[in-house]
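Dear colleague,

Please find the structure below, followed by an account of what was found in it.

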Amino acid sequence: MRPQIALAMLAFATISSAQVTAIRAGHLVDPETGRAADNQIILIQDGKFTAVGANISIPAGAEVIDLSQSYISPGLVDAHNHLALTYKMDPENNSYYLTSVLDSTPLRAIQAVSNGIVMLGAGFTVVRDLGNNANYADTALRVAIEQGWVPGPTMINSGIIIGGFGGQFYPVPERESLIYPEYLNADTNDEIIKAVRRNILYGAKVIKICVDCKPYGYTADEMRLFISEAAKAGLHVAGHVQTKAGAMRAIEAGIFSIEHSNALDDEAHKAMARKGIWRVGTETPMTDYHTGVNDRTRATFQRTIDGMKNAKANGVKMAFSTDADYYIPNMTRAQVVIDFLKSWKAADFSAPEILKIMTINGYQVSEIADKRGPIKVGLAADLIAMRGNPLQDIDALRSVNFVMKDGIVFKKDGVMTPEKFFHSGPTPPGSWRIH
Ligand SMILES: [Zn+2]
């Protein structure tokens with residue numbers, strides 16, 4: 001680098017680090033305690049919170065943002081989504097097969113950018129993204145967001161889902177290769193190790209496995225191998241589970257999280273609570289969208305609600321999670337996601353309980369709580385605001401009208417203002433591995 005460029009960069013760095021943003025927070029919500037503190041001041045510098053409290057003076061020259069009429073909350077987390085997948089929901093044809101045939105990885109990465117922008121605009125500052133993203137479109141999205149090329153949530157992505165032969169697909173023998181790129185086959189211990197390493201190399205932040213997608217699901221010992229191999233890179237293992245037997249094997253192995261909740265009963269919940277295993281339940285209220293409300297969908301939804309109540313009664317750690325990867329006419333990805341509030345309300349969770357699950361629990365299951373999430377000094381400056389009080393009416397979260405990410409305003413007065421996110425820096429070396 002030429003010295004004059006280095007000098008210019010140094011000067012820029014000095015100026016930017018001096019810039020302070022001050023927020024006048026009318027009601028600062030703390031999801032941990034379920035209380036709101038009135039008339040608080042939040043100071044932000046270099047993308048981090050530097051002061052939070054009532055008796056803080058605003059430094060001269062600070063940019064002041066007036067949210068004195070708003071409720072300010074930490075950002076929301078969807079702990080199970082697939083931003084690079086949007087398929088047409090059709091009960092007769094499982095059309096996500098078609099997505100993997102018809103849509104290229106680059107196209108799906110662009111789709112992921114669009115979904116990410118919409119999610120951030122709705123207040124979701126973190127998304128745990130668990131596979132079905134073609135050939136690492138999820139890692140591409142994460143890197144692009146971390147580089148500041150596009151706005152979007154902090155991404156905790158899994159790379160490609162690892163499963164026994166076939167993953168979740170049932171291809172014909174002539175089309176066996178269609179399994180890839182949606183799934184990595186791993187049927188032996190050597191293949192398990194190689195598949196985990198492949199995902200680590202290509203940018204996964206969590207390892208996602210199909211526990212029991214096929215009759216030849218993973219044994220507890222095989223899952224222990226996944227867990228120990230992932231641990232070498234500091235990663236945990238999330239298991240897609242669809243049978244009771246699979247759930248019990250995953251729990252026995254000490255898996256980090258169980259994704260989906262259809263197979264979880266009282267016995268499974270008790271065992272999960274004992275071991276501190278996360279329930280990422282993806283509890284959908286959407287059974288009526290494609291088939292219409294009928295006795296069958298009502299019964300399905302009731303089972304979902306009963307399961308949530310049982311998990312709560314057993315003290316299982318629960319995350320707000322959606323698996324919302326399908327297109328519903330006239331709804332954005334974020335509108336589909338936030339509609340999952342219906343399930344939590346139907347299961348009699350109070351507004352403060354739901355908010356805590358969507359924030360504090362979300363940061364924990366995403367394993368970012370030491371870096372971002374809570375509005376606390378030293379953490380990344382992510383926050384959202386709305387007019388209504390989410391501690392009294394959780395549906396206030398449907399009308400998030402202000403979003404800040406890493407100290408940069410992304411949405412103000414209900415309008416997205418993404419200009420400050422579009423940096424045009426070069427691809428960094430080893431960009432897949434950026435944290
Ligand atoms: Zn999923």
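Strand E18 (residues 408-412) pairs with E19 in the antiparallel sense over two bridges; strands pair here if DSSP finds at least two bridges between them. In E19, Met416 is the bridge partner of Lys411. Helices (H or I, at least four residues) and strands (E, at least two) are DSSP runs, numbered from the N terminus.

This is a predicted model: local features need pLDDT of at least 70, side-chain atom pairs count only at pLDDT 80 or more, and totals for chains, interfaces and linings use all residues. Residues are numbered from 1 along each chain as its sequence is written.

Both strands belong to an open sheet of eight strands with mixed pairing, in the order E3-E2-E1-E4-E16-E17-E18-E19. Strand E3 (48-53) and strand E19 (415-416) stand at the edges with a single partner strand each, so one side of each has no neighbour in the sheet.

Helix H3 lies across strand E17 (402-405), E18 and E19, and runs at about 115 degrees to E17 (axes are lines fitted to C-alpha atoms, for helices over the stretch in contact, that is, with C-beta atoms, placed from the backbone, within 7 Å; angles run from 0 to 180 degrees between N-to-C directions). The buried residues of H3 include Arg108, Val113, Ile117 and Leu120, where buried means that 20 or more other C-beta atoms lie within 10 Å of the residue's own, with C-beta atoms placed from the backbone. Just after H3, Gly123 takes a positive phi of about 105 degrees.

In H6, the buried residues are Glu222, Met223, Phe226, Ile227, Glu229 and Ala230. They pack against helix H5 (189-201), strand E11 (207-210), strand E12 (237-240) and helix H7 (244-253).

Yours sincerely

Notes: Buried ≥ 20, exposed ≤ 12 C-beta atoms within 10 Å, placed from the backbone. Contact = placed C-beta atoms within 7 Å.
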